[in-house]
Amino acid sequence: VFENPLRPAILAAARSTTLKAAITRAPVTRSIVKRFIAGETRAAALTAARAILDTGRLISIDHLGEDTTDEAQAGAAVAEYLALLSDLAALPEAREPGGVRPLEVSVKLSALGQALPVDGREIALANARTLCAAAERSGVWITVDAEDHTTTDSTLSIVRELRADYPWLGAVLQSYLRRAETDCRALAGPDSRIRLCKGAYREPDLVAFQAKADVDASYLRCLRVLMEGGGYPMVASHDPAIIAETDSMASGTGRDAADFEHQMLYGIRDGEQLRLAGLGAQMRVYLPYGGQWYGYFMRRLAERPANLGFFVRSVFTR
Ligand code: FAD
């Protein structure tokens, strides 16, 4: 990831409104985007989710949208998630509390209003609480995504507050952050659900490791803390080295396949996802949908030069 020399430029482009307009308008973009995004509508997401569930994998559906600039937009995001939760409640995989829930939604607090200049935190908290209540009724889990480091304290404090009423609510920790191991120790307690990922944003050296080797080493230290803790680790990585370590750490800490899960992104290493599920592992697929796919798509391009090459080739060889 972090050895890609173009990563900073692509992540900067992910914030550019000019480029966003150009790239989202290019007709060819859509076919490439389809590789990573289930579609623009909830119906498309549910069709893709059905196909994944039918192969024995679990799902976490994300409605794309992160730059919420007013309360009405936050309200629209809440409405979309409520509709999604009610559609998911109708699936046979919806579950009562207790045990692993095959259905999950992933939510970004920025979509729920966290960055609004007045009362952003309180608006996001209230909106997230509404979604937690609906998820509980629907037999669906929620995990709150991690965004850039300026949001980490606010996001973790919102999750902590909501977990008093909804102890199943999951949080995400990013191993590229220098604080990650400390956060893992604080959050690895009984019943906690922590998704561990490397981190997808462009972060300064002051707060984040920059070299891939350091990010990977931090990931393994964090993973050990979670595996030795009392919670339910969610191991979000496509990295073969991490996946191999996960299995040995799980058996070394007396966990069986039901006590943790692997997670990967929709469209990435599908064969490996099926292989792990076939071996009896719990394998959850993060499935994004919606019209606002630009930021998500650019973060995927930044991760992997091969993805970028694929995209650029498709743009220039119609
Ligand atoms: P990398 O270091 O990117 O890749 C390591 C190795 O994995 C590669 O060398 C290759 O062997 C293999 N690999 C990776 N990608 C591919 C590919 N496309 N095809 C084939 N092999 C590949 N980030 C956040 O900041 N916040 C979040 O809330 C968040 N949620 C996530 C949820 C899930 C379920 C997942 C899987 C990721 C999430 N991420 C999130 C993104 C994450 O932080 C990383 O940016 C992303 O997963 C890439 O890191 P990696 O661990 O897969 O390994």
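**Strands, core and ligand shell**

Author: Strands here are DSSP E runs of at least two residues, helices are H or I runs of at least four, and both are numbered from the N terminus. The model is predicted; local features need pLDDT of at least 70, side-chain atom pairs count only at pLDDT 80 or more, and totals for chains, interfaces and linings use all residues. Residues are numbered from 1 along each chain as its sequence is written.

Reader: How many bridges join β1 to β2, and in which sense do the strands run?

Author: Two strands pair if DSSP finds at least two bridges between them. Strand β1 (residues 58-63) and strand β2 (residues 103-107) are joined by 4 bridges and run parallel. β1 also runs parallel to β8, with 6 bridges. Leu58 has Arg284 as its bridge partner in β8. For His63, the partner in β8 is Tyr289.

Reader: What pairs with β8 in the parallel sense over 4 bridges?

Author: That is β7. Met264 stands opposite Val285 in β8.

Reader: Why is β1 called largely enclosed?

Author: Count neighbours. A residue is buried if 20 or more other C-beta atoms lie within 10 Å of its own, exposed if 12 or fewer, and partly exposed in between; C-beta atoms are placed from the backbone. In β1, 6 of the 6 residues are buried, so the rest of the structure largely encloses this strand. Check both faces: Leu58, Ser60 and Asp62 are buried on one side, and Ile59, Ile61 and His63 on the other.

Reader: How many residues of β8 are buried?

Author: Strand β8 (residues 283-289) has 7 of its 7 residues buried. One side carries Met283, Val285, Leu287 and Tyr289; the other carries Arg284, Tyr286 and Pro288.

Reader: How do I read a helix?

Author: An α-helix has 3.6 residues a turn, so residues three or four places apart point the same way. Take α12 (residues 294-303). This helix is mostly covered, with 8 of its 10 residues buried. Among them are Tyr294, Phe297 and Leu301.

Reader: Is Glu303 buried or exposed?

Author: Glu303 counts as buried because 21 other C-beta atoms lie within 10 Å. Glu303 and Ile10 are 293 residues apart in sequence, yet their C-alpha atoms are 9.2 Å apart.

Reader: And how exposed is Arg160?

Author: Arg160, in helix α7 (residues 152-163), is partly exposed, with 13 other C-beta atoms within 10 Å. Its C-alpha lies 9.7 Å from that of Gly170, 10 residues away along the chain.

Reader: Which residues touch the most other members of the largest nonpolar core?

Author: In soluble globular proteins, nonpolar side chains tend to be buried together. A nonpolar core is a set of buried Ala, Val, Leu, Ile, Met, Phe, Trp, Tyr and Cys residues joined through C-beta atoms within 7 Å. The largest one here has 89 residues, and Val107, Leu196 and Leu287 touch the most other members. Helix α6 (residues 120-138) gives this core its largest share, 8 residues. Two residues are in contact if their C-beta atoms, placed from the backbone, lie within 7 Å. Beyond neighbours within four places in sequence, the contacts of Leu196 include Leu173, Tyr219, Leu223 and Val235.

Reader: Which residues come nearest to the ligand?

Author: A residue is near a molecule if its C-beta atom, placed from the backbone, lies within 6 Å of it. Around the ligand there are 25 residues, and Asp145, Cys197, Ser237, His238 and Gln263 come nearest. β4 (170-174), β5 (193-197) and β7 (261-265) are the elements that give two or more residues to this shell. The largest share, 3 residues, is from β7.

Reader: How does the whole protein look?

Author: Its secondary structure comes to 13 helices and 8 strands. The C-alpha trace spans about 50 × 40 × 40 Å along its principal axes. Buried residues make up 44% of the 318 residues. Among contacts between residues at least 6 apart in sequence, 72% join residues at least 24 apart.
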